[in-house]
Amino acid sequence: MRNIPTEDRILWILKEKDDFISGEELSHRLGLSRMGIWKAIQRIKLLGYSVVAQPHLGYRLIEVPDRLIPFELTWNLKTKSIGKSVLSFKKIESTNNTAYELATNGAREGTVVFAEEQTKGKGRLGRSWLSPAYKGIYMSVILRPNIAPSSAPELTLIATLAVTKAIRELTGLLSFIKWPNDVVINSKKVCGILTEMNAEIDKVNFLIVGIGINVNSEKKDLPKEASSIKEELKQRISRIELARLILLRLDEYYEIFKEFGFNPPLAEIKRYSSTLNRRVKVHYLNRFIEGHAQDIDKDGALLVRLDNGFAEKVFAGDLVNIR
Ligand code: BTN
């Protein structure tokens with residue numbers, strides 16, 4: 001426990017106890033003076049935790065703030081690689097940029113960068129991603145899969161699957177995957193994923209999977225065509241709980257992907273797809289393709305059956321579901 005901050009050690013004990021614990025016991029267990037404990041408790045309160053202190057009884061944790069604090073995100077989190085190292089910032093330009101820098105400097109696979117607010121949140125195709133403070137989840141995951149660059153879109157789809165499942169589990173809302181990188185609820189976008197890559201011609205060095213979710217945002221915080229989980233559920237949810245579930249599900253599917261390849265997650269991606277078996281229009285390579293979304297191929301590409309009967313394989317693009 002030597003490198004763990006005192007605040008985290010105290011929080012750990014308070015959470016496990018879930019009752020009052022005397023200052024004396026805390027000071028004994030942590031090898032700190034009673035004054036040292038008191039000071040650490042003040043720092044914990046500054047983070048937004050509610051801790052009561054009662055004479056003769058000691059301290060008790062009453063409420064945890066809905067802040068993306070590394071301790072809360074990782075406490076008792078049973079994952080193999082995702083979230084083994086978590087960094088959380090109050091305000092940065094873009095979690096993708098920070099994660100990219102960290103990965104360039106050798107950060108380990110599964111490192112996740114969170115931010116409460118982004119000042120230059122990036123969307124796909126040079127767009128921006130609105131990232132108001134404390135309302136969403138803005139996170140970027142560093143992955144180092146042993147794959148060719150052409151397989152990178154598979155990891156984007158795996159991330160959409162992890163988010164879709166986590167939203168369903170936590171809220172009961174019927175979220176769906178909109179190919180290639182969105183999660184929608186009631187046909188409205190609540191999550192977008194931007195995967196960036198550092199690669200050689202035939203080998204990926206690392207991927208940054210950037211996930212942006214509109215969680216507790218209100219209409220005024222959102223682009224016209226988008227929504228948030230709060231708007232669809234009509235109540236706020238815990239960002240911490242959702243973020244933890246995403247880490248868990250992403251870890252689970254990533255392990256499956258590494259062991260068995262893309263096929264097992266693909267079967268689930270198809271099950272939760274809002275795109276398949278519908279008429280779609282895709283903006284791809286400077287032209288529009290219209291037809292029937294027939295399948296998602298084994299490499300994550302969309303197979304569109306055109307009106308002339310030919311099937312076209314679309315690797316990326318902007319998609320509109322027509323009916
Ligand atoms: C899109 O739908 O265009 C993709 C949006 C991706 C937004 C996320 S928020 C966290 C990460 N950091 C960024 O700058 N972008 C991604």
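## Basis of the model

Residues are numbered from 1 along each chain as its sequence is written, and side-chain values use heavy atoms, with hydrogens and water left out. Because the model is predicted, local features need pLDDT of at least 70 and side-chain atom pairs count only at pLDDT 80 or more, whereas totals for chains, interfaces and linings use all residues.

## The largest pocket

The largest pocket holds about 910 Å³ of space; a pocket here is an open set of points, on a 1 Å grid over the protein atoms alone, where a 1.4 Å probe fits, with protein on both sides within 12 Å along at least five of seven lines. Grid points are joined across faces, edges and corners, and the volume is the space filled by probe spheres set on the points. Its lining, meaning residues with an atom within 4 Å of a point, comprises 45 residues, of which Trp129, Asp182, Lys189, Gly192 and Glu225 lie nearest the centre.

Among the elements that give two or more residues to this lining are α5 (95-104), β5 (136-143), β8 (188-199) and β14 (318-321), where helices (H or I, at least four residues) and strands (E, at least two) are DSSP runs numbered from the N terminus. The lining of the largest pocket divides into 18 nonpolar, 18 polar and nine charged residues, with Ala, Val, Leu, Ile, Met, Phe, Trp, Tyr, Cys and Pro counted as nonpolar, Asp, Glu, Lys and Arg as charged, and the others, Gly among them, as polar. At least three lining residues come from each of domain 2 (70-271) and domain 3 (279-321), the bounds being taken from an automatic or database domain assignment.

## The second largest pocket

About 400 Å³ of space lies in the second largest pocket, which is lined by 21 residues, with Arg124, Pro153, Thr156, Thr195 and Ala316 nearest its centre. β8 gives the most to this lining, with five residues, and the lining divides into 13 nonpolar, five polar and three charged residues. Domain 2 and domain 3 both contribute to the lining, so the second largest pocket lies between them.

## The ligand

The ligand is surrounded by 21 residues, each having a heavy atom within 4 Å of it, and the closest are Ser94, Gln118, Lys122, Arg124 and Lys189. The protein covers 98% of the 410 Å² of accessible area that the ligand has on its own, by the Shrake-Rupley method with a 1.4 Å probe.

## Backbone features

A cis peptide bond, with omega about 5 degrees, joins Trp179 and Pro180, and Pro180 is placed in the loop between β6 and β7. Asp18, a residue other than glycine, has a positive phi near 50 degrees and lies in the loop between α1 (6-17) and α2 (23-30).
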